[in-house]
Amino acid sequence: MNIRVKFRKFGNLRFIGHLDTMRYFQKALRRAGLDICYSEGFTPHMIMSFAQPLGVGLESDGEYMDIRVNSTPSSREAVRLLNEHGAEGMEVLSWRELPEGSKNAMSIVAAADYEVRFREGCEPSAGWETRFATFLQRPEILVQKETKKKAVQEIDIRPWVYACELRDGLIFLTVSTGSVGNLKPELLLQAFAAQEKWELPRFALEIRRKELYADLGAEGVRKLIPLEELGKEIG
């Protein structure tokens, strides 16, 4: 049986990396006594995968982990057990059964919501919200990005910005995420700063990931569905 677990990461635990997050859940699952499947071979390990690694220092309300279990309690009980054996800074939000044959979250994640704000004292000059909205109306936004092979190439990231809203000093973004196009909010803000001829200070941004989506659309029309909604509650 395949299970999708949604969790949030906040506080001091936002500073632990992806591998430590994996180790955290391996320990939490064991302590909670949940019936997890293990791989075969000389060094068995829990069968688990994560949708999209979160950058160190970022908080999130919408992280996902897929696991395989031999048996399971109700969704409500599984969430209770994991949080009871967890630590402050990591909270499990849901435990849902996936249809048999479902693709794992890592292979289908296509977009993400982010909430971005400038730290106090790091904001651009007055009126930046209007200038940023105008910036996003450009037909292309060219940036230098390093590839996996460490080569630097110029790419247009404008098609990867699906939606943006500015409200009370906050930037709400929906952007492409995953293997095809992966846009980090800081790259977009760096491009804006470059246009402003202003150097974006290091650690100037507070970024919170809000949700991760699969794209169930067809023929070029996006239909973004939260990964959580692809599974069902266990009674």
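Biologist: How much space lies in the second largest cavity?
Modeller: Bear in mind that this is a predicted model, with local features needing pLDDT of at least 70 and side-chain atom pairs pLDDT 80 or more, while totals for chains, interfaces and linings use all residues. Residues are numbered from 1 along each chain as its sequence is written, and side-chain values use heavy atoms, without hydrogens and water. A cavity is a set of points on a 1 Å grid over the protein atoms alone where a 1.4 Å probe fits but cannot get out, and its volume is the space filled by probe spheres set on points joined across faces, edges and corners. For the second largest cavity, that comes to about 40 Å³.

Biologist: Which element gives the largest share of its lining?
Modeller: Lining residues have an atom within 4 Å of a point, and here they are Y24, F25, A28, L82, N83, G86, M90 and V92. Going by DSSP runs (helices H or I, at least four residues; strands E, at least two; numbered from the N terminus), α1, α2 (75–84) and β4 (90–97) each give two or more. The largest share, 3 residues, comes from α1.

Biologist: How many charged residues line the largest cavity?
Modeller: That cavity, about 90 Å³ in volume, has F7, K9, H18 and E63 among its lining residues. Counting Ala, Val, Leu, Ile, Met, Phe, Trp, Tyr, Cys and Pro as nonpolar, Asp, Glu, Lys and Arg as charged, and the others, Gly among them, as polar, its lining has 6 nonpolar and 3 polar residues. The charged ones number 2.

Methods: On a 1 Å grid over the protein atoms alone, a cavity is a set of points where a 1.4 Å probe fits but cannot get out, and a pocket is an open set with protein on both sides within 12 Å along at least five of seven lines; lining residues have an atom within 4 Å of a point.
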